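Here are my notes from a pass through this one, in the order I'd go over them with you. Have the viewer open while you read.

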Amino acid sequence: MTATDGKTALIVGASRGLGHALTAELLSRDWQVTATERQQSELHTLAGSAKGRLAVENVDITVPEQVTALRERLAGTTLDLLFVNAGTNYTTDPSATLADVSTDDFTRVMVTNALSPMRAVETLQDLVPATGTIGVMSSGQGSVADNTNGGFEVYRASKSALNQLMRSFAARHADDPRTLLLMAPGWVKTDLGGPNARLTIDESIPGVVDTIEAQAGKGGLHYLDRQGQTVRW
């Protein structure tokens, strides 16, 4: 673990799970963090012990007006890291297929996992200077090349869509020197990952932050796992 003096981050979607752990890990490395929640969460307890280095904002990432309002509140802020964490799954049954999902559930997963994170990136990205990093929480299940087993079809599709949208963002900003990250944290024991996941949060998130810090200043788009290894598209 390395201390990072004076670094600033905005973590969108940090009320629980990976986003909350990411916030805590950055604080442990002396980052100054702003973190968002949809409703009252344990972020406020974390802020109580953060010695003024954690500010908590209330934002529902699926409501564009709330993301825009956050951008207005943060006017004048410079971020070394903008990281958008969002994830939902309509079912925990890995055998469920598209025949089993309603249009409403499909839409909800796509809006939460793909559309809303990229809208947040588009709205907030001008707070990040040329030396900064913009990241989103993807998944190894978003890899088309590595999908040899099937399962979790809607979730996989939403993360693949997120990857494609981030790639389009990178293509539209081809001359942008900022680092762009799609992070695959592994299968983690959270409300989303479930109790059978292979990794604990403590086995995943420190590696995620190590990778984020190691990529700072490198520029370009990178799809990486928690160990800094490239994930196949």
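1. Helices α1 and α6 pass each other in a right-handed crossing. This is a predicted model, so treat the geometry here as computed. α1 covers residues 17-28 and α6 covers residues 201-215. Their axes come within 10 Å and cross at roughly 60°. An angle under 35 degrees would count as roughly parallel, and 65 to 115 as roughly perpendicular; α1 and α6 are therefore oblique to each other.

2. Who does the touching in that pair? On the α1 side you'll find G17, L18, A21, L22, E25 and L26. Facing them from α6 are I201, I205, P206, V208, V209 and I212. Sorted by class, the contact of α1 with α6 comes out at 10 nonpolar, 1 polar and 1 charged residues.

3. Next, α4 against α5. The axes of these two helices sit 9 Å apart, at an angle of about 20°. With under 35 degrees as the cut-off for roughly parallel, α4 and α5 therefore run roughly parallel to each other. The crossing of α4 past α5 is right-handed.

4. α4 brings F106, V109, M110, N113, A114, P117, M118, V121 and E122. α5 answers with V154, Y155, A157, S158, K159, A161, L162, L165, M166, F169 and R172. The class count for the contact of α4 with α5 is 15 nonpolar, 2 polar and 3 charged residues.

5. α4 has another partner in α3. The axes of α3 and α4 come within 10 Å and cross at roughly 30°, and that makes α3 roughly parallel to α4. The α3 and α4 crossing is right-handed. From α3 the contact takes P64, V67, T68, L70 and R71, and from α4 it takes R119, A120, T123 and L124. The residues in the contact of α3 with α4 split into 5 nonpolar, 2 polar and 2 charged.

6. The largest nonpolar core counts 29 residues, and the ones with the most contacts inside it are L10, V12, L82, V84, V121, L124 and I134. At least two residues of this core come from each of β1 (8-12), α3 (64-73), β4 (81-84), α4 (103-124), β5 (133-137), α5 (153-172) and β6 (179-184). Which element gives the most to this core? That would be α4, with 5 residues.

7. Setting aside residues up to four places away in sequence, L10 touches T34, T36, L70, L74, L79, L81, L82, F83 and L124. Note that L70 and L124 also turn up in the contact of α3 with α4. There is a second, separate core too: 27 residues, W31, V209, I212 and L224 among them. V209 and I212 are also on the α6 side of the contact with α1.

8. M137, in strand β5, is worth a look. Is M137 buried or exposed? Its relative accessible area is 3%, and under 20% counts as buried, so M137 is buried. Beyond its neighbours within four places in sequence, M137 is in contact with L18, F83, V84, N85, A86, K159, L162, M183 and P185.

9. Two backbone angles to check. D30 is not a glycine, yet has a positive phi of about 70°. D30 lies in the loop between α1 and β2 (32-37), and is partly exposed at 39% relative accessible area. F152, also a residue other than glycine, has a positive phi near 50°. F152 belongs to the loop between β5 and α5 and is partly exposed, at 24%.

10. Last, A145, in the loop between β5 and α5. A145 is partly exposed, with a relative accessible area of 37%. Where does A145 make its contacts, not counting residues up to four places away in sequence? A145 touches R232 and W233. A145 and W233 are 88 residues apart along the chain, but 5.9 Å separates their C-alpha atoms.

Notes. Residues numbered from 1 in each chain as written. Predicted model: local features only at pLDDT ≥ 70, side-chain atom pairs only at ≥ 80, totals over all residues. Heavy atoms only, no water. Core = buried A, V, L, I, M, F, W, Y, C linked by side-chain atoms within 4.5 Å. Buried < 20%, exposed > 50% of the residue type's maximum accessible area, 1.4 Å probe, protein only. Helix = DSSP H or I, 4+ residues; strand = E, 2+ residues; numbered from the N terminus. Contact = heavy atoms within 4.5 Å. Axes fitted to C-alpha atoms, helices over the stretch in contact; angles between N-to-C directions. Parallel < 35°, antiparallel > 145°, perpendicular 65-115°, else oblique. Left-handed = near helix turned anticlockwise from the far one by under 90°. Nonpolar A, V, L, I, M, F, W, Y, C, P; charged D, E, K, R; others polar.
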